[in-house]
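Hello,

Here is the structure I promised to pass on.

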Amino acid sequence: MEWMNNLFEQYGYLVLFLGLFSESLALPFPGELAMAISGHMSTLGNFHIPFIIFYSYIGAIIGTTITYFIGYRLGTPFLAQYGKYVLLNQARLAKVTEWFGKYGNKLILVSYFIPGLRHFTGYVSGVLKVPQRTFFALNYIGGLVWVLVYVSIGKIFGPDIEHLLHVASRYFAASMVILAILITLVVLLKKNKERIFSRLRGRSSSSGSKQNEERE
């Protein structure tokens, strides 16, 4: 954590903007740790929360927007050839694509909280031709919630943030996956509501006719 403090002392808010931007491009940078440390430093008077949130959020969404258009314009062949430079090999690309197939576009909303997913969501969303309005809405909302959560962790818990970040990333990711599954189930139930009710009505009517036959 000391090296991160040194970066903040030298470059200030620029660390948040460039760091979160780089992480969104799938380049190695501990964005969650940076936001949490800056949140803690705000309690010491070195940083101000509105600026921390602004620079973190802008860096994150600009990066994901760029990756979306890379995937959208250049597609799978480009990522298959050059994705390895941002750790997006063919196996990982296939895995993230499979997750989109299971959970749909709602995965974009929670992707920031899932390690190993948020770095590639923009690329894969572009490749899959997710509608721009859908991607921007879900990505920008998810990014804002992500920034607020980790800045708040740093501000509230201070020196214990490293341990808390480990716990948060472990359990919050699992809860987000469960939430995405529940949302998917609700959507499927709504779409198939009439079919389900018609089957239930059919079963109830058939059981009623059987009972009438038995009485006769």
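Below are the conventions, followed by what turned up.

This is a predicted model, in which local features need pLDDT of at least 70 and side-chain atom pairs count only at pLDDT 80 or more, while totals for chains, interfaces and linings use all residues. Residues are numbered from 1 along each chain as its sequence is written, and side-chain values use heavy atoms, with hydrogens and water left out.

**Overall picture**

The protein has ten helices and zero strands; helices (H or I, at least four residues) and strands (E, at least two) are DSSP runs, numbered from the N terminus. Of its 216 residues, 40% are buried. Here buried means under 20% relative accessible area, exposed means over 50%, and partly exposed lies in between (1.4 Å probe, protein chains only). Among contacts (heavy atoms within 4.5 Å) with a separation of 6 or more, 77% are between residues 24 or more positions apart.

A search of the whole structure gives three salt bridges, each being a side-chain nitrogen of Lys or Arg within 4 Å of a carboxyl oxygen of Asp or Glu. In one of them, E23 pairs with R118, with the closest N and O atoms 3.0 Å apart. E23 lies in helix α2 (residues 14-24) and R118 in the loop between α6 and α7, so this pair ties together parts that are 95 residues apart in sequence. R118 also meets E32 in a salt bridge (3.1 Å, N to O). Since E32 is in helix α3, that pair ties together parts 86 residues apart in sequence. R118 is buried at 9% relative accessible area, and E23 is buried at 4%.

The remaining bridge is K102 with E98, at 3.8 Å between the closest N and O atoms. Both residues lie in helix α5 (residues 90-103), four residues apart, about one turn of the helix. E98 is partly exposed, at 37% relative accessibility. Through shared partners, salt bridges join E23, E32 and R118 into one network.

H119 sits in the loop between α6 (107-110) and α7 (121-127) and is buried, at 16% relative accessible area. Its side chain makes a polar contact of 3.5 Å with that of E23. A polar contact is a pair of N or O atoms within 3.5 Å; within protein, one must be able to donate a hydrogen and the other to accept it, and residues adjacent in sequence count only if both atoms are side-chain atoms.

**Two helices to look at**

T67, in helix α4, is buried with a relative accessible area of 0%. The T67 side chain reaches the backbone oxygen of T64 at 2.8 Å. Beyond its neighbours within four places in sequence, T67 is in contact with S24, L25, G122 and Y123.

Helix α8 (residues 132-157) has 26 residues and spans 37 Å from first C-alpha to last, close to the 38 Å expected at 1.5 Å a residue; the expected span is 1.5 Å times one less than the number of residues. Its buried residues include F135, W146 and Y150.
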